[in-house]
Amino acid sequence: MILSDGRLNSANVLVQVMPLRTCFMFFTVPSVKIDMNVIFRPFARNVWYMFLLLTIIVVFTLWMIFKLGKDDIDTGTVLIIVAAISQQGFPFNSNQIASRLAFLQTMIFGLLLYNCYAGAIVSARLNTPLNKMNDSLYSIVDSKMKLGTSREKYLNVLMNSTLAEIQYFKRYWQAIPEKEKYYSVEDGIKAIMKPGFAYHTDPLKAYPLIERIFDNQMICRLNEVHWLRPSVLGVWSSRRSQFQEIAKIGLIRIITSGICKRELIRWRPRKPYCDKDQQYVSSVTIHEALPIILVLIFGIILSVIICFMEKIIFNVLRAKEKKGKQ
């Protein structure tokens, strides 16, 4: 049904009574962006600076102890410190109490650092906010999600809006085949359970089904993008109706006395409650693990390059040594 100018000219709005909004409902999906800062995020920048400073101090202290003492350390001091901080085994033998104490405090420092880092990683992941979409039809179009809607008479009214946002969405909506647009409320709510689908309807129709079908984790992942933003419907009356003034006065009394508000609270379905205190275990996606995997691959590649360089240098020195002997 389209509200034409002729209909508007023959009717009047008595009073605004019923709140109304329509929206697309869909599940938020994990971000597919690779964030390399996930490796450094558990510690603030000044903590990393302090960590590097302490590492340099410990390396210098151990080097001084090894230099002044009588320890026979075949490997470098830096490798010993890295092994201690990384909580890795290392063949370290020392006869001096000073070097043993220095190495022990380095092991304790590494243990505390490791536990703080691991705890910060877990806490950050548990408290990561959902990847909520902006409440804009531009975002719906850019997401390239599959769209569906319930059959409503007011869809044509929404389409005829002159807002730039709706006109932009209208071009995208009209390109969807007609048979793929419309779903019943039951089928549309069930289709939301598959990521990548957004269903448009009046939340008053959807909320009872969502509260009955979805669990708390699914409710917390539910996102809404408005097509018709929150507004208030009015009661219309024929312009020359003899009951117009009586109906208007009666409706105003109902609203001002609180009867209308009480009935709306009583009969309108509530929005499903998301209990954010409940925590859920979810698998780590490849996008979250990829930064760490890239660090591992980078280390392997760097090790292979250094290995080849050492091999070349060894062969060159060996060739020079043979020529010298000849």
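Of the contacts (heavy atoms within 4.5 Å) in the protein chain with a separation of 6 or more, 79% join residues 24 or more positions apart. The model is predicted, so local features need pLDDT of at least 70 and side-chain atom pairs count only at pLDDT 80 or more, whereas totals for chains, interfaces and linings use all residues. Residues are numbered from 1 along each chain as its sequence is written, and side-chain values use heavy atoms, with hydrogens and water left out.

The protein chain holds 13 helices and 4 strands, taken as DSSP runs (H or I, at least four residues, for helices; E, at least two, for strands) numbered from the N terminus. Of its 326 residues, 29% are buried, that is, under 20% relative accessible area with a 1.4 Å probe, protein chains only.

Two packed helices are described by the angle between their axes and the distance between the axes. For α2 (residues 45-68) and α4 (residues 97-126), the axes come within 10 Å and cross at roughly 160°; axes are lines fitted to C-alpha atoms over the stretch in contact, and angles run from 0 to 180 degrees between N-to-C directions. The two helices are therefore roughly antiparallel (an angle over 145 degrees). In α2, the residues that meet α4 include Trp48, Phe51 and Leu54; among their counterparts in α4 are Phe103, Phe109 and Tyr117. The residues of this contact comprise 13 nonpolar, 3 polar and no charged.

Leu294 lies in helix α13 (residues 286-325). Its C-alpha atom is separated by 9.2 Å from that of Met36, 258 residues apart along the chain.

Definitions and conventions: Angles under 35 degrees count as roughly parallel, over 145 as roughly antiparallel, 65 to 115 as roughly perpendicular and the rest as oblique. Ala, Val, Leu, Ile, Met, Phe, Trp, Tyr, Cys and Pro count as nonpolar, Asp, Glu, Lys and Arg as charged, and the others, Gly among them, as polar. Buried means under 20% relative accessible area, exposed over 50%, partly exposed in between (1.4 Å probe, protein chains only).
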